[in-house]
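The sequence and structure are shown first.

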2 protein chains.
Amino acid sequence: MKIALLGLGQVGRSVLKILAENRTYYEQRFHRKVEIVVAADFHHMLHSEEGIDPQRLLYYKEKGDIWGTGYTEIDRETLFEREFDVLVDLMPATSDGLRARDLYLGSFSQSRDVVTACKSGLANFWPEIMKSAVSSGRQIRYEATVAGGVPFFSFIQQCLRSSIVTRILGQVNSAANFVLLNIANGETFDHAIEEAGKLGILEANYHFDTLGNDSAWKTVITANSVFGSKLKVNDIIFEGVEGLSPEVADLKYTRLLADTEIQDGKLVASSTLRKLEPSDPLASLKGTGLGFTVYMKGRAPLTVLEFSDGPTETATAVINDLLLL
Amino acid sequence: MKIALLGLGQVGRSVLKILAENRTYYEQRFHRKVEIVVAADFHHMLHSEEGIDPQRLLYYKEKGDIWGTGYTEIDRETLFEREFDVLVDLMPATSDGLRARDLYLGSFSQSRDVVTACKSGLANFWPEIMKSAVSSGRQIRYEATVAGGVPFFSFIQQCLRSSIVTRILGQVNSAANFVLLNIANGETFDHAIEEAGKLGILEANYHFDTLGNDSAWKTVITANSVFGSKLKVNDIIFEGVEGLSPEVADLKYTRLLADTEIQDGKLVASSTLRKLEPSDPLASLKGTGLGFTVYMKGRAPLTVLEFSDGPTETATAVINDLLLL
């Protein structure tokens, strides 16, 4: 499997690190050879028919300039002239999602599958992107867009086929909830942002996290993927975590939660601040923890928890998508 | 997909109920028509080329005799002369596992796949059964053998491909832990068994649960499936929950746990009574709850919890296997 890896931020670099470590394991266990033939950051797009060594690329990226790797620099316009199977989009979100939409439609029309960790394209243009994938006979996988490294879509798609999902309640954005917990503990907003930045869990523009856009995107993608809706961000109620203080609200069990539910045959979706019961398993998540509870018709709900999440975990979601293609 | 459903105990009847309710949904969503063409309990084996109606079969089973359905009774010896794709084994365990082994090898040699909820065959003859499946080009799926309705093997196989699993710690048998919690609360062993029976979570011979065999089987299947070992039950240390009293031990956080772990490159597996930290997410499981934590190389662990489990949940695991084939 030849991939074009676009975006070498925190998640992109973690993908390189994991591929460097686990490539042989994937080959032995799943008979899948994941080979990077195109890699790009903001400054350069590099190409090698023989494959780009992830370790080497990572070394130069961390030193400051991937051009030093010696791989051939190519014009971004010529991307689809290169031979590869899957486009991997790990670039920063833009609020309108146009960049991502155009890239995915372009990929499908050029017979490439897509794996993405980027939310805004899917959250703004879900019907158009899915229709294009189907009509081109291509696949798009997006595990990393919701709940970081917690298996979410693969869990629902592969593990819960026999059950009819009626509701998903999730703590799916670590940055916003990390800030919330810090404020609950008496820290300032600015301090929390600084700490979140160090952990690599912030969007390039952190207001996407703290104003609630990121969680709203995730809610919309969840609703559309699981319940077959065609929602856009402006169709749902969402809020963020800016301007809160522990004096004005009891924040200890308050979380920014994505909630999508079928009520009387109608889908209700929101991404808002909610107070959990202390006994709710989601309330046990601290720091950068993520998790969700799935409710299903006629059977007990299931909860999946990850007690800390970061770029490494999100990168495992990206690679799992590649191995499921 | 045509199936032969063998065993109409608690789990078998739940499979019938779910198929009656969800068959149309499966057809619409996954384009899979699950059709029962052979069904058997201890007394009769019935056959219908046009398909056995699960609702009708359930009605007569609960009334007492499936012969009343009017479907053709056939000789068990002629099972493989019937046209079907998957043999579904929901029959009671035998401690030696011979019955199950012979049935699966027979299925593979007759070009049928197998879905099973029965542990003892796999726990006693794993290498032989897997070798036979591979050499016949058939599949065997066994989601329901471990942790009831909690997605376990599908979770590891589909959602965690990109990570290298190093340890799985699980509360995977609801009956034993239900008895344990009841004793911790001051109930008698006999009372706990009676209650567990009402919930439908006991093996036909309940000593398989309370002496620890069932959990040991699950531990062995986990080890062999996830870590590629060839263990048998007698290769691991296991214990049960008989003869305990709250006076002799602090049982509040004690659980019967299946633990399989790679330590210094070597697999260590056990199914023993262990005291959990009160903050361990598995300690939050009460009653018939089940769950497990997966530890992986270089990334945060994941925990999956189900706060109550019973035949319905186990039946969803059986049907999920059918939909994954």
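## Extent of the interface

In this predicted model, 39 residues from chain B and 39 residues from chain A take part in the contact (heavy atoms within 4.5 Å). Chain B and chain A bury about 3,200 Å² between them, 56% of it on carbon and sulfur atoms; buried area is the accessible area (1.4 Å probe) that two parts lose on being put together, summed over both. B:Arg161, B:Ser162 and B:Arg299 supply 19% of the area that chain B buries against chain A, more than any other three residues.

## Strand pairing and salt bridges

Strand S13 (residues 299–306) of chain A runs antiparallel to S13(B), and five bridges join them. Strands are DSSP runs (E, at least two residues), numbered from the N terminus, and two strands pair if DSSP finds at least two bridges between them. A:Glu306 stands opposite B:Leu302 in S13(B).

A:Glu306 also forms a salt bridge with B:Arg299, the closest N and O atoms being 3.1 Å apart. Across the interface the rule finds two salt bridges (a side-chain nitrogen of Lys or Arg within 4 Å of a carboxyl oxygen of Asp or Glu). S13(B) gives eight residues, the largest share of the side of chain B that touches chain A.

## Sheet in chain A

Seven strands of chain A form an open, mixed sheet in the order S4-S3-S2-S1-S5-S6-S7. Its edge strands are S4 (72–73) and S7 (140–141), each pairing on one side only.

## Basis

Residues are numbered from 1 along each chain as its sequence is written, and chains are lettered from A and ligands numbered from 1 in the order in which they are written. Local features need pLDDT of at least 70, side-chain atom pairs count only at pLDDT 80 or more, and totals for chains, interfaces and linings use all residues, while side-chain values use heavy atoms, with hydrogens and water left out.

Key:
Helices (H or I, at least four residues) and strands (E, at least two) are DSSP runs, numbered from the N terminus.
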